[in-house]
Amino acid sequence: MDLEKQPQQPTAPADTDTIRASDADRDRIADILREALAEGRLTAEEHAERVDSVYRAKTVGELEPLVRDLPAPGGAPRTAGTPYAYGPEAAAGPADNLVAIFSSSTRRGRWRVGPRTNAFSLFGSVEIDLTEALFGQRLTVINATSVFGSVEIRVPENISLRGSGTGIFGSFEVRTLESADPEAPVVVVNGYSVFGSVEAKPKRGKFIADLQDRLRKHLGH
């Protein structure tokens with residue numbers, strides 16, 4: 001007598017659609033997007049939209065599509081099914097915050113720029129001067145928000161400056177630069193202004209010279 005064959009039930013893999021995303025997961029995806037922007041694979045607007053989605057995502061399944069069309073860090077193509085958010089690298093540190101509420105906040109001189117800076121002005125002014133700063137990474141993203149206030153960003157003339165933002169009864173202006181040196185720092189300014197202003201432009205006569213040597217000496221002290 002033939003025995004009825006019962007179909008073997010496969011073991012269900014972990015469903016990434018329902019796994020809760022951690023802060024480390026989000027930061028690693030954001031790092032991949034930053035590298036893609038620095039390489040010119042994403043426009044500033046595309047980068048801003050995807051980063052916004054990264055920090056709104058609640059599950060790993062929501063994160064993976066955001067980098068599915070991008071190569072792995074270092075330029076190696078991704079293989080199908082390779083998870084994007086589980087590299088061995090450590091999570092990025094917290095963003096630097098500059099806040100001015102009915103006041104002013106300024107960052108200038110020789111200081112080490114982190115990968116992310118948030119600038120917020122409410123009836124105040126924020127000034128970020130990067131002309132003497134030390135860049136510890138190639139890509140720096142500044143998220144600037146101005147409400148009845150101003151955010152001013154000044155950069156050296158020989159770096160790349162890009163941006164994407166909106167002015168609502170106000171102005172948002174980023175004077176785009178493209179450095180001739182493909183290894184020069186890239187500063188991306190995203191955000192918006194409401195009855196205020198956000199302005200990013202080069203400071204005439206200010207250049208980064210011997211960037212890597214300056215950073216090495218600074219960190220060696």
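**Stacked rings and a pocket**

Phe-102, Phe-123, Phe-148, Phe-169 and Phe-195 form one aromatic cluster. This is a predicted model, where local features need pLDDT of at least 70 and side-chain atom pairs count only at pLDDT 80 or more, while totals for chains, interfaces and linings use all residues. Residues are numbered from 1 along each chain as its sequence is written, and side-chain values use heavy atoms, leaving out hydrogens and water.

Q: How many aromatic pairs does a search of the whole structure find?
A: The search finds 4 aromatic pairs.

Q: Why is the pair of Phe-102 and Phe-123 called stacked?
A: Their rings are 5.0 Å centre to centre, with 10 degrees between the planes. Rings of Phe, Tyr and Trp (its six-membered ring) pair if their centres lie within 6.5 Å, and planes under 30 degrees apart count as stacked, over 60 as edge-to-face and the rest as tilted.

Q: Why does Phe-102 count as exposed, and Phe-123 as partly exposed?
A: Buried means under 20% relative accessible area, exposed over 50%, and partly exposed in between (1.4 Å probe, protein chains only). Phe-102 has 63%, so it counts as exposed. Phe-123 has 41%, so it is partly exposed.

Q: How do you know that Phe-123 and Phe-148 are stacked?
A: They are 4.9 Å centre to centre, with 5 degrees between the planes. Phe-148 lies in the loop between β7 and β8 (150-155), 25 residues from Phe-123. With a relative accessible area of 40%, Phe-148 is partly exposed.

Q: What makes up the lining of the largest pocket, by class?
A: The lining has 7 nonpolar, 8 polar and 3 charged residues. Ala, Val, Leu, Ile, Met, Phe, Trp, Tyr, Cys and Pro count as nonpolar, Asp, Glu, Lys and Arg as charged, and the others, Gly among them, as polar.

Q: Which element supplies the largest share of that lining?
A: It is α2, with 4 residues.

How values were computed:
Helices (H or I, at least four residues) and strands (E, at least two) are DSSP runs, numbered from the N terminus.
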